[in-house]
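Here is a short briefing to read alongside your model. Keep the sequence and the 3D view open as you go.

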Amino acid sequence: MAVSHSNRTTIAIAFHSGYGHTAVVAEAVARGAAGAGAEVVSISVDTITDEQWAQLDAADAIIFGAATYMGTASAAFHAFAEASSKRWFSHVWVDKLAAGFTNSGAKSGDKSSTLGYFATLAAQHGMHWISLGLMPGWDSTTGSEDDINRLGFFMGAGAQSPTDAGPEAVHKSDIATAEHLGARVARQAAVFRAGRAALAA
């Protein structure tokens, strides 16, 4: 999907998925953002093109996503992050909004490390980080694994998928949590866009 030049906000999702699980989460983030009124472009960073780099440059917000491997984002995402240094030198992404999501096989899986890495990447670019904005679920005797934000992350959306199951096994709660993240970023991006328009006027 190309970035539009309409008055709608544009959310770009820059992600890497090795086995399909993170792609399912990315699709949920995209649905949430689109449902909140944004135009969405999804970019698989391991095959990113010059046109897609331009789409990232034009977006109001960029949501980073990757599986957590060995305590951090995947190698393909790290390669994308290093390539983004060209944008860092020219301040192209300064004052955009940013957020992040990740998936791992374990309930914790050191996903906080990956979300922190995304936040640091965003900070280096001068972006504004948007947190998940949800209280933790499944943290009491009356809760269940079907609660939204069942894994209890605050920095971004965390998902857990069994290592011996396919992408269809991504938990419905994690999908709902990802949809919430997309919608939250879209709403905040609309506020920022309207504010900038008001200041310009």
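In which loop does Asp95 lie? Asp95 lies in the loop between helix H4 (85–90) and strand S5 (97–104). Helices here are DSSP runs of H or I with at least four residues, strands are runs of E with at least two, and both are numbered from the N terminus.

This is a predicted model, in which local features need pLDDT of at least 70, side-chain atom pairs count only at pLDDT 80 or more, and totals for chains, interfaces and linings use all residues. Residues are numbered from 1 along each chain as its sequence is written, and side-chain values use heavy atoms, with hydrogens and water left out.

**The chain as a whole**

- The secondary structure of the protein chain comes to six helices and seven strands.
- Along the sequence, these elements follow the pattern β-α-β-α-β-β-α-α-β-α-β-β-α.
- Taken along the principal axes, the C-alpha atoms fill a box of roughly 55 × 35 × 25 Å.
- Of the 201 residues, 47% count as buried. Buried means under 20% relative accessible area, exposed means over 50%, and partly exposed is in between, with a 1.4 Å probe and protein chains only.

**Strands and their partners**

- Strand S1 (residues 10–16) pairs with strand S2 (residues 39–44) in the parallel sense over six bridges. Two strands pair if DSSP finds at least two bridges between them.
- Within this pairing, Ile13 stands opposite Ser42 in S2.
- S1, helix H1 (residues 21–35) and S2 make a right-handed β-α-β unit. Right-handed means that, with the strands pointing away from the viewer, the path from the first strand over the helix to the second runs clockwise.
- S1 also runs parallel to S3, joined by six bridges, and His16 stands opposite Ala66 in S3.
- On to S5: seven bridges join S3 to S5, again in parallel, and the bridge partner of Ala66 in S5 is Thr102.
- With strand S4 (residues 72–73), S3 pairs in the antiparallel sense over two bridges; here Thr68 stands opposite Ala73.
- S3 and S4 form a hairpin with two residues between them, and Met70 in the turn has a positive phi of about 50 degrees.
- S3 is largely enclosed by the rest of the structure, because eight of its nine residues are buried.

**The largest pocket**

- How much space lies in the largest pocket? About 220 Å³ lies there.
- Of the 14 residues that line this pocket, the closest to its centre are His21, Tyr69, Asn103, Gly105 and Thr163.
- H1, strand S3 (61–69) and S5 are the elements that give two or more residues to the lining, and S3 gives the most, with three.
- The lining divides into four nonpolar, 10 polar and no charged residues. Ala, Val, Leu, Ile, Met, Phe, Trp, Tyr, Cys and Pro count as nonpolar, Asp, Glu, Lys and Arg as charged, and the others, Gly among them, as polar.
- A pocket is an open set of points on a 1 Å grid over the protein atoms alone, where a 1.4 Å probe fits, with protein on both sides within 12 Å along at least five of seven lines; lining residues have an atom within 4 Å of a point. The volume is the space filled by probe spheres set on the points, which are joined across faces, edges and corners.

**Residues to look up**

- Asp95 has a phi near 70 degrees, a positive value in a residue other than glycine. Asp95 counts as partly exposed because its relative accessibility is 37%.
- Asp110, in the loop between S5 and helix H5 (111–124), also has a positive phi, near 60 degrees. At 48% relative accessibility, Asp110 counts as partly exposed.
- Met127 sits in the loop between H5 and strand S6 (128–129) and is buried, with a relative accessible area of 8%.
- Trp88 lies in helix H4 and is partly exposed, with a relative accessible area of 43%.
- Trp88 and Ala183 are 95 residues apart in sequence and 27 Å apart in space, C-alpha to C-alpha.
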